[in-house]
Amino acid sequence: MRGGGPGGPPPPPRLTVLYDAQCSLCVHVRHWLMKQRQLVPLDLVPAASEEARRRFPGLDHAETFSEITVIGDRGQIYRGTSAWIVCLWALAEHRPKAHWLATPTGLPFARASVLAAAKYRSVTAAPCGPGDEACQVPDLEG
């Protein structure tokens, strides 16, 4: 029997990454994450999509457009800098870097990276929000 069954091991932890599917940087990072060897499986779901709303009905989906949001399989919510760090922590080649970025010495570097990405995003992408016709989530499968 697969994990989680009676007497069997629990299923492996998973993380869901909600990203802005209209942001070229966000889509680029999504593709990069998908190519990495994952120690913790990442489900990459467009922010405020039907899938995101189905999985997380109690979440403020408008807020997920303003910064990266990662949700753990036990309901943990990470936003901004913490979300980037937990994404790196999930990756085999980047887990040691994530541990360092979470330290008092590394955290300023993590914050600076997130701020730089946010600035880039703000000058390259039109603002999106739920219900905005121009912000329809494209089919990114394939």
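User: In this predicted model, is F65 buried or exposed, and where does F65 lie?

Analyst: The idea is to compare the relative accessible area with a cut-off, since buried means under 20%. F65 has a relative accessible area of 9%, so F65 is buried, and its place is in the loop between α2 (50-55) and β3 (69-72). F65 and D20, although 45 residues apart in sequence, are 6.1 Å apart in space from C-alpha to C-alpha.

User: Which residues touch the most other members of the largest nonpolar core?

Analyst: In soluble globular proteins, nonpolar side chains tend to be buried together. Here the largest nonpolar core holds 24 residues, of which L15, V17, L33, L42 and V70 touch the most other members. At least two residues of this core come from each of β1 (15-19), α1 (24-35), β2 (42-46), α3 (80-89) and α4 (95-101), and α3 gives the most, with five residues. Leaving aside residues up to four places away in sequence, L33 touches Q38, L42, L44, C87 and L91. There is also a second, separate core of nine residues, with V45, A48, F56 and L59 among them.

User: What is the phi of A48, and where is A48 found?

Analyst: Most residues other than glycine have a negative phi. A48, however, has a phi near 60°, a positive value in a residue other than glycine, and A48 is found in the loop between β2 and α2. With a relative accessible area of 14%, A48 is buried.

User: Which residues do salt bridges that share partners join into one network?

Analyst: Within helix α2, E51 meets R54 in a salt bridge of 2.7 Å, N to O, and these two, being three residues apart, are separated by about one helical turn. E51 counts as partly exposed at 31% relative accessibility, while R54, at 57%, counts as exposed. The side chains of E51 and R55 also meet in a salt bridge (2.7 Å, N to O). Through shared partners, R14, D43, E51, R54 and R55 are joined into one network.

Technical notes
Residues numbered from 1 in each chain as written. Predicted model: local features only at pLDDT ≥ 70, side-chain atom pairs only at ≥ 80, totals over all residues. Heavy atoms only, no water. Helix = DSSP H or I, 4+ residues; strand = E, 2+ residues; numbered from the N terminus. Buried < 20%, exposed > 50% of the residue type's maximum accessible area, 1.4 Å probe, protein only. Core = buried A, V, L, I, M, F, W, Y, C linked by side-chain atoms within 4.5 Å. Contact = heavy atoms within 4.5 Å. Salt bridge = Lys/Arg side-chain N within 4 Å of Asp/Glu carboxyl O.
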